[in-house]
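Please look over the sequence and the model before reading the points below.

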Amino acid sequence: RRLIDQGIKELNLVAQDTANYGVDLEDGTDLTRLLHALNDLEGEFWIRVLYLYPDAIPDTLLVAFATLPKVVPYLDIPIQHASDRMLRAMRRGHRSGDLRDLIRRIREHAPDAFLRTSVLVGFPGETEADMDELLAFIEWAEFNHLGAFRYSHEEGTPAFSADHLVTKRDAYNRFRKVMARQRRISRRRNQALKHRELRVLIEGPDDDQGFVLKGRHWGQAPQIDGETFIVSCEAPRGSIITAQVIKTGDFDVVCEPI
């Protein structure tokens, strides 16, 4: 309430595993109940949830993303990999089949949701076959946004003593391959937004072109996703407007106000 009274327009909820919010209280508190409570607060603002582990997302939470007007339908789900062999090596609690079921449930309950994920390449023991599985899954899932990271060999981690290390060159090439694949997907997903009406949070004038405003539509998290540029608009900073997409790029979109 204090943040909203101060004029904050976007509340970002993030934790080590945000989907498990409240489980330690053992009194029925969970993320879905929290989102309902925040949504009931008065004022015009967005609620964005980041970093949801894929093995703790019930249907009730997906329905909240789809139906609560102040909760933006944006799910940030770090999958890490899509090869069962690699997921076991990374000690993840999910498998490839679980991820596919989750994506299907999201598309069913919240078909307009924007999806972000992160993956790790170059983990000890990763083979080209594992990479093929990961790339195939990325192509199938069609995430709107994806970040890739290369394995870092750090002393004191469980994987430090592992055999079959992937060379830095191979890890880099795999990173580039993932990002090239995702760039094409992001471009295709953005093109599908053309002529669509979106809610846009105005952040101020574009530094390069003062006559154009810059902001983010609800499918873009701050600092990690693309940006939205709004032409022929004089809306003040912090306002939330409805705008129509007139041009798209790989990551950014251009809109005009409705």
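A residue counts as buried when its relative accessible area is under 20%, and as exposed when that area is over 50%. The model is predicted. With that cut-off, Cys233 is buried, because its relative accessible area is 13%.

**Cysteines**

- A disulfide is a covalent bond between the sulfur atoms of two cysteines.
- The cut-off used here is a pair of cysteine sulfur atoms within 2.5 Å, and by this rule the model has zero disulfides.
- Cys233 is in no disulfide, and the nearest cysteine sulfur to its own, that of Cys255, lies 10 Å away.
- Cys255 is likewise in no disulfide, its nearest cysteine sulfur being that of Cys233 at 10 Å.
- Cys255 has a relative accessible area of 0%, so Cys255 is buried.

**Helix 6 and helix 7**

- Two packed helices are described by the angle between their axes and the distance between the axes.
- Helix 6 spans residues 128–141 and helix 7 spans residues 168–191; the two pack at an angle of about 10°, and their axes are 10 Å apart.
- Angles under 35 degrees count as roughly parallel, so helix 6 and helix 7 are roughly parallel to each other.
- Their crossing is right-handed.
- On the helix 6 side the contact is made by Glu128, Met131, Leu134, Leu135, Ile138 and Glu139; on the helix 7 side, by Arg174, Lys177, Val178, Arg181, Gln182, Ile185 and Arg188.
- Sorted by class, this contact between helix 6 and helix 7 holds six nonpolar, one polar and six charged residues.

**Helix 3 and helix 5**

- The axes of helix 3 (residues 59–67) and helix 5 (residues 96–109) come within 9 Å of each other and cross at roughly 40°.
- That angle makes helix 3 oblique to helix 5.
- The crossing of helix 3 and helix 5 is right-handed.
- Asp59, Leu62, Val63 and Ala66 of helix 3 meet Arg105, Ile106 and His109 of helix 5.
- By class, the residues in the contact of helix 3 with helix 5 are four nonpolar, one polar and two charged.

**Ala192**

- Where is Ala192 found? Ala192 sits in the loop between helix 7 and strand 6, the latter covering residues 197–205.
- The relative accessibility of Ala192 is 63%, so Ala192 counts as exposed.
- In sequence, Ala192 and Thr248 are 56 residues apart, while in space their C-alpha atoms are 9.0 Å apart.

How values were computed. Residues are numbered from 1 along each chain as its sequence is written. This is a predicted model: local features need pLDDT of at least 70, side-chain atom pairs count only at pLDDT 80 or more; totals for chains, interfaces and linings use all residues. Side-chain values use heavy atoms; hydrogens and water are left out. Buried means under 20% relative accessible area, exposed over 50%, partly exposed in between (1.4 Å probe, protein chains only). Axes are lines fitted to C-alpha atoms, for helices over the stretch in contact, and angles run from 0 to 180 degrees between N-to-C directions. Helices (H or I, at least four residues) and strands (E, at least two) are DSSP runs, numbered from the N terminus. Angles under 35 degrees count as roughly parallel, over 145 as roughly antiparallel, 65 to 115 as roughly perpendicular and the rest as oblique. A crossing is left-handed if the near helix is turned anticlockwise from the far one by less than a right angle, and right-handed if clockwise. Contact means heavy atoms within 4.5 Å. Ala, Val, Leu, Ile, Met, Phe, Trp, Tyr, Cys and Pro count as nonpolar, Asp, Glu, Lys and Arg as charged, and the others, Gly among them, as polar.
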